[in-house]
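Colleague: I would like to learn how to read pockets, helix faces and ring pairs in a model. Please take me through them.

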Amino acid sequence: MERYRRSAKGKGGAKMPSKKNVVFDLDGPPTAQNRIHAVFAGPSGSMKTYAASSFPKPYFFDFDRGLKTIRDVPWDFDFDEYDENIGRVMLKLQEFERHCPYETFIFDSTTLLAQDVLLYYCKLNGNLDDRGQPTSKVGRLEYGQRVKWLQGFVADIGRFPVNVILICHETTYVVVYTVNRDGTPDKTGPMVTRPAVPGRNLPDQLPVFFDENYHFDVHNGEVSVHTTSDGLFSAKTRLGLPPVIKFKWGDSFYQKIVENLKLKPKARREVGK
């Protein structure tokens, strides 16, 4: 297991924000009543991983295999890198069933996890070439196995009494309003983004398992986290958070959430304006 440990001070010598006792009731670790289950979706570089690392006692399932190179994050976290041997993921979850010293599980990213699951089933079915890539024989069987595994996985991780964050890359597609007789698009709508998770239905099922779905974007070093949909991306909150939460490097996104939860609902709406 790898450990990232912050230096004595954060970027620019700023004092480190504390995460001690930062939970909804400010009294103890996450429970079934106060834990957060969230999907973080957004383009590369929108500080999704950074935001997730601000949650209490985080453990990263690192499928992107990039946390070893991360620098200047002002919080401690533990992580392990995972490859297409998805059995290691299940063994780690079984280990945490017996004893779990963490309060937050972060899966970074679901997009790469999905690729690893596909490679696992291709290997299992003998459909990998000499370079370890799927052959032309890969078809509905492997893709179906992947979607079924991911559906079970998303449902299973919700049983742990911890915060759970699923980090997703995004895919962009065009809304087609009408189609010509030859099958080509006639009238199209705007470019729409959604989490880059495989399967026809699984991306739309994520909000069923995760009460919080946030869309991240960044401009001039400031991140805007959208908690409500605007037609171009999917987002929602059951915590009653403001439509937009802004933060920058050095801020704790988790602390921003907790601060908003302390406000009355009307005040939260005003913050988001």
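**Pocket, helix and rings**

Modeller: The largest pocket has a volume of about 290 Å³. Keep in mind that this is a predicted model.

Colleague: Now helix H6. Which of its residues are buried?

Modeller: H6 spans residues 253-262, and its buried residues are Phe253, Tyr254, Ile257, Val258 and Asn260. Viewed down the axis of H6, they fall within an arc of 160°, so they line one face of the helix.

Colleague: How many aromatic pairs does the structure hold?

Modeller: There are 28 aromatic pairs. Take Phe55 and Tyr254: the ring centres are 4.6 Å apart and the planes lie at 55°, so this pair is tilted. Planes under 30 degrees apart would count as stacked, and over 60 as edge-to-face.

Colleague: Which parts does that pair tie together?

Modeller: Phe55 sits in the loop between H1 and strand E3 (58-62), and Tyr254 sits in helix H6, so the pair ties together parts 199 residues apart in sequence. Both Phe55 and Tyr254 are buried.

Colleague: Which residues do ring pairs link into a cluster?

Modeller: Among them are Tyr59, Phe61, Phe63, Tyr82, Trp149 and Phe160.

Technical notes:
Residues numbered from 1 in each chain as written. Predicted model: local features only at pLDDT ≥ 70, side-chain atom pairs only at ≥ 80, totals over all residues. Heavy atoms only, no water. 1 Å grid on protein atoms, 1.4 Å probe; cavity = no way out; pocket = protein on both sides within 12 Å on 5 of 7 lines; lining within 4 Å. Points joined across faces, edges and corners; volume = space filled by probe spheres on them. Buried < 20%, exposed > 50% of the residue type's maximum accessible area, 1.4 Å probe, protein only. Helix = DSSP H or I, 4+ residues; strand = E, 2+ residues; numbered from the N terminus. Arc of directions from axis to C-beta. Phe/Tyr/Trp six-rings, centres within 6.5 Å; stacked < 30°, edge-to-face > 60°.
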